[in-house]
Amino acid sequence: MREKSALLHHKIFKLSDQHDWVVFVHGAGGSSSIWFKQLREFKKQYNVLLLDLRGHGQSKEIIQNLVDTQYTFNSVAEDVIRLMDHLGLKQAHFVGISLGTIVIRTIAEIRPEMVTSMIMGGAVTRLKLSSRFLIRIAEWTKRFVPYMWLYSILAFIIMPQNNHKESRNLFIREARKLAQKEFLRWFKLTNEVNPLLKLFGEKEIKTPILYIMGAQDHMFLQPVKEMVARHSNSLLKVAQDCGHVCNVEAPAFFNEEALAFLGQHAKPMRL
């Protein structure tokens with residue numbers, strides 16, 4: 001029973017055993033609800049697994065039942081792997097947003113045979129100097145500044161424009177559901193971001209990757225462009241007039257590009 005109680009909260013939308021699986025992974029401070037503009041289209045063509053990462057959404061209590069309660073990208077990725085093993089899903093396409101893309105890339109490092117393809121929205125592939133400076137300021141102030149103030153300020157810096165308002169408000173609203181203790185646990189993950197991203201940048205994998213980015217994603221677009229230029233298995237699509245959370249701000253573009261990419265890498269249907 002211990003293993004079952006430690007499973008991430010999840011929802012399944014299954015067409016048949018013959019259809020490929022698509023697993024959606026949200027970012028820090030979000031939940032599976034951020035995929036509401038993708039679900040209807042994707043579940044028409046694929047089996048879909050939505051999940052809430054540890055401490056988020058309806059997975060708030062599982063930390064009490066986990067053997068590994070240290071928050072690392074490996075441990076968060078292992079949560080997803082444990083769930084898939086429990087459900088008998090041996091392979092899937094993964095769709096992620098923001099820090100969820102790092103979780104997916106970590107899964108590909110741990111269990112490469114499990115990942116058919118990756119779609120990385122608002123991907124974090126390198127932290128620029130400005131990003132590292134913001135994290136350092138947040139690190140200095142996190143103990144005496146209310147975490148929602150800190151999260152709101154970071155959300156405005158990452159998503160500053162008027163047309164980013166919907167996604168900015170969505171993430172602030174979802175973050176309010178986190179306890180401060182949980183926020184601090186996740187914030188500690190920023191300490192391992194740079195060495196991990198350096199490894200991922202230097203090590204190209206065979207798994208096909210589609211990056212979908214907003215043209216106004218001023219913190220993360222340029223590093224993705226540089227990585228795609230180096231990695232032959234990577235493809236970049238850029239949504240105009242769109243910021244960091246491109247699946248929310250440009251859902252039609254995101255869905256069209258993602259589904260076209262999946263169509264190229266899905267296994268043939270068995271009749």
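1. A word on the model. This is a predicted model, in which local features need pLDDT of at least 70 and side-chain atom pairs count only at pLDDT 80 or more, while totals for chains, interfaces and linings use all residues. Residues are numbered from 1 along each chain as its sequence is written, and side-chain values use heavy atoms, with hydrogens and water left out.

2. The sheet. You will find 7 strands in an open, mixed sheet, ordered β1-β3-β2-β4-β5-β6-β7. At the edges are β1 (10–13) and β7, each pairing on one side only. On average, neighbouring strands are turned by 15 degrees against each other, direction ignored. Strands here are DSSP runs of E with at least two residues, helices are runs of H or I with at least four residues, and both are numbered from the N terminus. Two strands count as paired if DSSP finds at least two bridges between them.

3. Strand β1 runs antiparallel to β3 (residues 47–51), and 4 bridges join the two. Within this pair, Ile-12 stands opposite Leu-49 of β3.

4. Helices on the sheet. Helix α3 (residues 73–87) lies across β1, β2 (21–25), β3 and β4, at about 135 degrees to β3. Helix α12 (residues 251–265) also packs on the sheet, where it touches β2, β4, β5 (115–121), β6 (209–214) and β7, and its direction makes about 165 degrees with that of β5. Contact means heavy atoms within 4.5 Å. The angles run from 0 to 180 degrees between N-to-C directions, with axes fitted as lines to C-alpha atoms, for helices over the stretch in contact.

5. Thr-101. This residue lies in helix α4 (residues 100–110). Thr-101 counts as buried because its relative accessibility is 2%, the limit for buried being under 20% relative accessible area (exposed is over 50%, partly exposed in between; 1.4 Å probe, protein chains only). Leaving aside residues up to four places away in sequence, Thr-101 touches Gly-96, Met-120, Gly-121, Ala-123 and Val-124. Its side chain also reaches the backbone oxygen of Ser-98 at 2.6 Å.

6. Ser-98. Ser-98 sits in the loop between β4 (92–97) and α4. Although not a glycine, Ser-98 has a positive phi of about 55 degrees. Its relative accessible area is 15%, so Ser-98 is buried.

7. Asp-241. Look for Asp-241 in the loop between β7 (234–239) and α11 (246–249). Asp-241 has a positive phi, near 50 degrees, in a residue other than glycine. With a relative accessible area of 60%, Asp-241 is exposed.

Methods: Polar contact = N/O pair within 3.5 Å; in protein donor to acceptor, adjacent residues only side chain to side chain.
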